Amino acid sequence: MCDERARMLQDQFNVSLNHVHALAILVSTFHHGKHPSAIDQKTFGEYTERTAFERPLTSGVAYALKVTHAEREKFEREHGWTIKKMETEDQTLVQDFLPESLDPSPIQDEYAPVIFSQETVSHIVSIDMMSGKDDRENILRARSTGKGVLTSPFKLLKSNHLGVVLTFAVYNIDLPPDATSEERIQATVGYLGASYDVPSLVEKLLHQLATKQTIAVNVYDTTNVSSLINMYGTDVVDTGLLHISSLDFGDPQRKHEMHCRFKHKPPFPWTAVSASVAFLVITFLLGHIFYAAISQIAKVEADFCEMMELKVCAEAADVAKSQFLATVSHEIRTPMNGVLGMLQMLMDTNLDANQQDYAETALASGRDLISLINEVLDQAKIESGRLELETVPFDLRSVLDNVLSLFSGKTNEKGIELAVYVSNMVPEVVIGDPGRLRQIITNLVGNSIKFIHDKGHIFVSVHLANEVRGPPDLMDEVLRQGLNLVGDLSNKTYNTLSGFPVVDRRKSWECFKTLSSTTVKEPDMIKLLVTVEDTGVGIPLDAQSHIFTPFMQADSSTSRTYGGTGIGLSISKRLVDLMCGEIGFVSVPGVGSTFSFTGSFERGKTSSLETKWAQYKPAVSEFRGMRALVIDKRITRTEVTRYHMQRLRITADIASSLESACSYLSSTSKTSLSTCLAMVLIDKDVWDKETGLTFHQSVKEHRQNCSVGSPLNFPKIFLLATSISATERDELKSSGLVDNVLMKPLRLSVLIACFQEALVSDKKRLVNIEKPTLGKLLRGRKILVVDDNAVNRRVAEGALKKYGAIVTCVDSGKTALVRLKPPHNFDACFMDLQMPEMDGFQTTRRIRCMENEVKEKIASGEAPVKMFGNVEDWHTPILAMTADVVQASIEECKKCGMDEYVSKPFEEEQLYAAVTKFFESG
């Protein structure tokens, strides 16, 4: 408050002081430095008046000349006036002061009469400034120091205001900064003084700050501490809020202060007190809130830590449970291998009818138990994180044929139509896990068969996920028909595989995120959409929410009515998750269900796959370019038949009835041989005896037209049937109406066998299309079986001997090392993985090390080839035997040097696939 005012007053005074000093230099230069002088009273008065704004705190300036007593007379004569004396030494002059009334200055050694003045103080011209006591002291001090000096406060002439005079000495030469006092006195020619009206100056300053009304300001000369001189301001009541600021006006011998205080005692600071109290209350509340928050956070953190500990314990318990279940399932499967193997060996002996029935029943029950154990084992592996997927190239269409072969007997018994269809957009070879894909589809188809009472159909279709996102005109006919469920009300049928109504399959995948995304992260990756549609009893609405929960079925009675454990769908969902896919379903009670799932696979190259059906390629080449006529009233079913014909490179034309087929044959009866039909495939649903006779006559006419050069009597007639009695079959074939009956579901192996028999002449018929048997592969082969379990050794020995192998069994890895040390005469080794002392992995590594040592000795010439049976490259095929075939075990087997693996108990198909890589059929 006070410091700001003091600083402003001091700053303005210093500005005026500098300008006064500059004016002294100007007088020295233009009055004493010029001859004649360039300054007179008129010039000085006008200049100082016009530059008064540079000295805002001065009331006037004047210049007094230094005159000695010897120069006084001459000086007075030149100026025309007498040097006057100040009226009193203390300069207390009356307000109506007149210079003419003053007395001449008394005789003294030196005078300082004013010769130039600003118009505001023109009345002091001719007055001797040395005649005043304070002025004389200031003049003497100013010329000896070379600095501005101040007088003590006095009443200014013609004013009752207290003021001070600032005096600078004027020198006639330039003095160095370190000049002595004597040099300065000798060089002095005059004195420039400036008077300051202190009250007026402070009034102007307070007016600028606009706070005059509330704050009382006093300016004091405090040079004499015992007697302060009040230069501005009146005495006010002490309010107890005095503030003092020092003032520095440039003269170190004069002291000044500014005192500031409120004019009135300030009221009690209720606002400040209220604000302080409010601040304290808010601080307390914030502190309480902060404390409560910290306490709550600490409690939440403690609860979280406790929950995490419980979670870890629960997860550990869950993993332990799953690992225990996996281990127990594995241990159960090991003795089951002995049970099933011995039953199979028992059935190969001479048994009477009852004994054979008992053995077959026991074997079927054992296989059901193994299937259940496998499901439980899979569930445990998934939950414990031990199940991993293979990444191998495979033929998707062959996998689906395997599923058809598995269920063909059950569907024929129940009269259910089972069919598969794969879009042309799906690559022939994909890379992924064929076993797990087959397991998912098998679970879904198996459920559908259980929940269909009679008639109806199960339809498995495979498309690229991109296909269902495209417009209908870019979809294939099967997908378009499946999404456009139109019924024929006259015949009460629908455009489905069997004509029975089905649910809208679109709803089974409408929530899939992968179908709504259009971005492809990797160009070689594809997303398959597999749909399994059935016309079963459907799933009750209240059971649909937990359909994928393990060991849960639609209701508590279904396991007794339809069989099963309710674990298949749970495993399927977990497997789909591992394939980076999604699974969903739609079901309407009384109509049926449709399950759809997606899976990520990689595009494969045909050259990278030795397809299972490679032995049929010569036969397929015989069918290439042939034409077939498919007669069926169901559009979807005709597309399924066309799909199988395309796999054999046969072109298929379509007719919806026998009548339209007759028209087709008559229109093509005169065509050349190259375009004659090779076969006609008639679905049993459109066959009737009367129309069949007419159609048969048309076929005869067509055969006559195409008989020239064709000894096979094309076209051949095949009836496609889901179920047919043996009597009806024999009647149709004996009457000549059909050449053969093809039982559904259609699959490649059945079609090739049937077409080979009917279409290829005896000279061209391939006799080597029959699949090599295990007997041909293993006959005479010397096999070493390594297993610590005696029952497992007997089962393996019996299974291999059944196919003609010469089997030697040992019970430990150490014994196997001795038997397989080169040279030896074994063609292969079946090695158990879990054995005491030395397991199968360690044994295999040791065997490979021995073989490598032999190779190195032969290559370096250290040992002759004759020492090792004339065999340079020793490598005995080693096949792992395990009841726990998981990806991690498979990779570990290959890493340690094993060549293949088979699961226990031996399955003929898997055993064949494993040994065919090492042995040629003999």
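Q: How many disulfides does a search of the whole structure find?
A: A disulfide is taken here as a pair of cysteine sulfur atoms within 2.5 Å. The model is predicted, so local features need pLDDT of at least 70 and side-chain atom pairs count only at pLDDT 80 or more, while totals for chains, interfaces and linings use all residues. Residues are numbered from 1 along each chain as its sequence is written, and side-chain values use heavy atoms, with hydrogens and water left out. Under these terms, the number of disulfides found in the whole structure is one.

Q: Which residue does the disulfide join to Cys2?
A: A disulfide is a covalent bond between the sulfur atoms of two cysteines. Here the S to S distance is 2.3 Å, and the partner of Cys2 is Cys260.

Q: How many residues apart in sequence are the parts that Cys2 and Cys260 tie together?
A: Helices (H or I, at least four residues) and strands (E, at least two) are DSSP runs, numbered from the N terminus. Cys2 belongs to helix H1 (residues 2-32) and Cys260 to strand S12 (residues 256-262). The pair therefore links parts whose separation in sequence is 258 residues.

Q: Is the disulfide of Cys2 and Cys260 right-handed or left-handed?
A: The handedness follows from the torsion about the S-S bond, which is about 65 degrees. The disulfide is therefore right-handed.

Q: Is Cys809 buried or exposed, or partly exposed?
A: Buried means under 20% relative accessible area, exposed over 50%, and partly exposed in between (1.4 Å probe, protein chains only). Cys754, at 7%, counts as buried. Cys809 has a relative accessibility of 27%, so Cys809 counts as partly exposed.

Q: Which residues does Ser28 touch, not counting residues up to four places away in sequence?
A: Ser28 lies in helix H1 and is buried, with a relative accessible area of 16%. Contact means heavy atoms within 4.5 Å. With residues up to four places away in sequence set aside, the residues touched by Ser28 are Gly33, Val170, Tyr171 and Asn172.

Q: In which sense do strand S22 and strand S23 pair?
A: Two strands pair if DSSP finds at least two bridges between them. Strand S22 (residues 627-631) and strand S23 (residues 651-655) share five bridges. The sense of their pairing is parallel.

Q: Through which helix does the chain cross from S22 to S23?
A: This β-α-β crossover is right-handed: with the strands pointing away from the viewer, the path from the first strand over the helix to the second runs clockwise. The helix on the way covers residues 635-647 and is H16.
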